[in-house]
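This report considers selected local features of one protein model. The sequence and the structure are shown first, and the description follows.

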Amino acid sequence: MRIAVVGGGPGGLYFAALAKQLGPEHEITVWERNAADDTFGFGVVFSDETLGGIEHADVEIYERMEREFARWDDIDVHFRDQVITSGGHGFAAMSRKRLLKILQERCTDLGVRVHFESEAPDTDVLSATHDLVVAADGLNSIVRTKYADSFAPSLERRACKFMWLGTDKVFDAFKFYIRETPHGVMQVHGYPFDDKGSTFIVEMHDTVWRAAGFDRYAAHEFAPGESDEDSIEVVTELFADVLDGHQVIANNSKWINFTTVRNQHWRHDNIVLLGDAAHTAHFSIGSGTKLAMEDALSLAACLHEHDTIDAALDEYETERKAVVASTQRAAQASLEWFENLSEYVEQDPLQFAFNIMTRSRRVTYDNLKLRDPEFVETVNNWFARHNTDTRIDGRTDVPPMFQPFRLGELELVNRIVVSPMDMYRSVDGMPNDFHLVHLGGKALGGAGLVMTEMVCVSDTGRISPGCTGIWTDEQAREWRRLTDFVHRETAAKIGIQVGHSGRKGSTKLMWDGIDQPLDADNWEIVAPSPMPYRTGVNQVPRELTANDLTRIKQQFVDAARRADQAGFDLLELHCAHGYLLSSFISPVTNRRTDSYGGDLTARLRYPLDVFRAMRAVLPTEKPMTVRISATDWIDGGITAEDATTIAAEFKAAGAAAIDVSTGQVTPDEQPAFGRSYQTPFADKIRNTVDIPTIAVGVISSYDDVNSILLAGRADLCALGRVHLYDPNWTLHAAIEQDYTGPGAAWPDPWRPGRRKPQTGRTDGPKPRLQLIREGTSGTRHARWQP
């Protein structure tokens, strides 16, 4: 093949070397606009996983790199005059300039032609004269821009400003310096890359950057390669104690906003994207160089394995897009954490350190426990002491999920909530034996709080004919049968979620067609505005009148009285997912022109009226919570900032906690679905409004739960599907974590089953075959010492 590579950075050079190694007969040419010894940036960091791939792919490149590595294990978090260290992480870094030199030499050795200080020929010409064109031309890719219709790129400019600098101070570990200034919070990401220097990245939110006056310097028009020396002088003064007399080194260093690059497609005919041209991931979780070199390895391998260019490029895109998407999700979580850094500076330094370690959701409680068990034990002990008002027996060796929690006056034995889940098994709103077994079984399974499905305040307030209700005394008495069972047989508390379907009512059972209207016997549905959930599919709801609002509010109040009489320990008002009260809050569904429509304050008026009226008839010792949709996942809808206002208003009205969900308000939503994807909204509300939150949404393991709780992102975790898969999930999680205690209360008849059964043949006890036992190693705390 004839292969053209546009861009002579690490990704382009590494691909050229690997492809030439696999196919010496290939003619490979690289064009690089800069000189051979030009480079921007300072150090690059590699994971052990990536290094394993590099070693396997080209031993010579790996061995040359390995001789250059600065290696260390520790991360130091410098926060509020404390240094919190976590070890066992395993870093390898090197000078970017040295990496380029190694790759350039390897390409020369293999016969790859590299043209420096040369613009590549027009890509149309390259495409016509070469079998393959690799666009490795970076963040501002000219190739990507030229064929944007094919690649369909999106470039998302983020809210933080950062400047890439170096220093001749050689750090001995990865460093986070968190600095609270009169202008706001700033941070430094620092790490060594050789025996002479370290990378020194200064980052802050755009609002802090402006408050500090950096915008005045950035307004200057810089020549190519020129650094912002005025800003660098201020940075040097701000972090003089960190630098300790050492120099700050600039290299085309100017303030920039990180841009997240995504492409819907990675190829156009025989032109393919690689590295930053295809994707970017925030520097706080690693190196773009690392991703680019992984791309290079994959592309070279796919070309070698397939008989045609088309098959190879299709395989490359399929293989890498999944990996990159996962990395970008972690990077997104990390960069958003730093954008919202000011929300966490009130945390205790230990919790703050755990929070920063787990910010991407890739490093978790269990993962940290493997890397540095002493660090996790220290944070666990702090968490237990911090909860002294509800701590049981003074134990500090308890996983966070089994620490008790006080919700208002309600004591919960652990932090696990069985999330409300519609079962569609009711007739005429009446709960029955199914609900007794379903919810009673979850209570026996160990959760601290079990929530009913949304229980409707009227027959016309149901989602479907199978939904439960509490609009009659007979229904309340049947619910009492459930609450009596839970209180008699388990340590759990039982809560009721109360709501009205609004415009999403009169639909089929879920398995017959979710959100589809009934084939017959539809009832009238109502909403703040006459807007159907789906035009041409669902009914057009009738707009509520003042009399309707009064009548429905009374239905909610009556439901609260009956819920109390039925013995429920807690009441949650459903103001999420596009149901009636949610439809008042969202601008997507509320177009009223009276006092209940308009700005957010007006749109909240009716839901708050309903909440206050219910709160007034419920005994003070019984807490009320509110489930909200913290974003509508659509332009023009509720945002995360709106959600903090909503939570603050309900807190002022007497809410004990906010159950933070998202979306389901409109079928046009575009949710960023993924692991614990709604938790950041619970995190934001908890740490800005100062109210307990319940996290919910794809929380599927006890590791996720412990990570969320210990980092201070939520106070309780609600899990739904895992409890459908395993009704005894909480008890089994206790077994997996070797926990016994009041946080996992086994029913007496079940206690013989507390030991996990064998699942297959075992070889039995092993004989001792060592005269002297090998020593056990603790946490690795190696630090870089040139």
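The model is a predicted one, in which local features need pLDDT of at least 70 and side-chain atom pairs count only at pLDDT 80 or more, while totals for chains, interfaces and linings use all residues. Residues are numbered from 1 along each chain as its sequence is written, and side-chain values use heavy atoms, with hydrogens and water left out.

With a relative accessible area of 24%, Arg361 is partly exposed; the classes are buried under 20%, exposed over 50% and partly exposed in between, for a 1.4 Å probe and protein chains only. Not counting residues up to four places away in sequence, Arg361 touches Ala333, Arg675, Ser676 and Pro680, where contact means heavy atoms within 4.5 Å. A polar atom of the Arg361 side chain also lies 3.2 Å from the backbone oxygen of Arg675. Such a polar contact is a pair of N or O atoms within 3.5 Å; within protein, one must be able to donate a hydrogen and the other to accept it, and residues adjacent in sequence count only if both atoms are side-chain atoms.

Arg361, Arg675 and Ser676 are among the residues that line the largest cavity, together with Thr364, Thr679, Asp704, Ser707, Ile708 and Arg713. A cavity is a set of points on a 1 Å grid over the protein atoms alone where a 1.4 Å probe fits but cannot get out, and lining residues have an atom within 4 Å of a point. The volume of the largest cavity is about 80 Å³, a volume being the space filled by probe spheres set on grid points that are joined across faces, edges and corners. Helix α25 (residues 702-710) gives the most to this lining, with three residues. In all, the structure holds eight cavities of 30 Å³ or more.

## Thr490 and strand β22

Thr490 occupies the loop between α18 (473-489) and β22 (493-499) and is buried, at a relative accessible area of 16%. Its side chain has a polar atom 2.8 Å from the backbone oxygen of Val486 and reaches the backbone nitrogen of Ala492 at 3.1 Å. Beyond four places in sequence, Thr490 touches Ala443, Leu444 and Phe485.

Strand β22 is mostly covered, with six of its seven residues buried. It runs parallel to β21 (residues 449-456), to which six bridges join it; two strands pair if DSSP finds at least two bridges between them. Met451 has Gly495 in β22 as its bridge partner.

## The six-strand sheet

An open sheet with mixed pairing is formed by six strands in the order β8-β2-β1-β9-β17-β16. Because β8 (113-115) and β16 (267-268) stand at the edges with a single partner strand each, one side of each is left without a neighbour in the sheet. Strands β1 (residues 2-6) and β2 (residues 27-31) run parallel and are joined by five bridges, with Ile3 opposite Ile28 in β2.

Most residues other than glycine have a negative phi.

Terms used:
Helix = DSSP H or I, 4+ residues; strand = E, 2+ residues; numbered from the N terminus. 1 Å grid on protein atoms, 1.4 Å probe; cavity = no way out; pocket = protein on both sides within 12 Å on 5 of 7 lines; lining within 4 Å.
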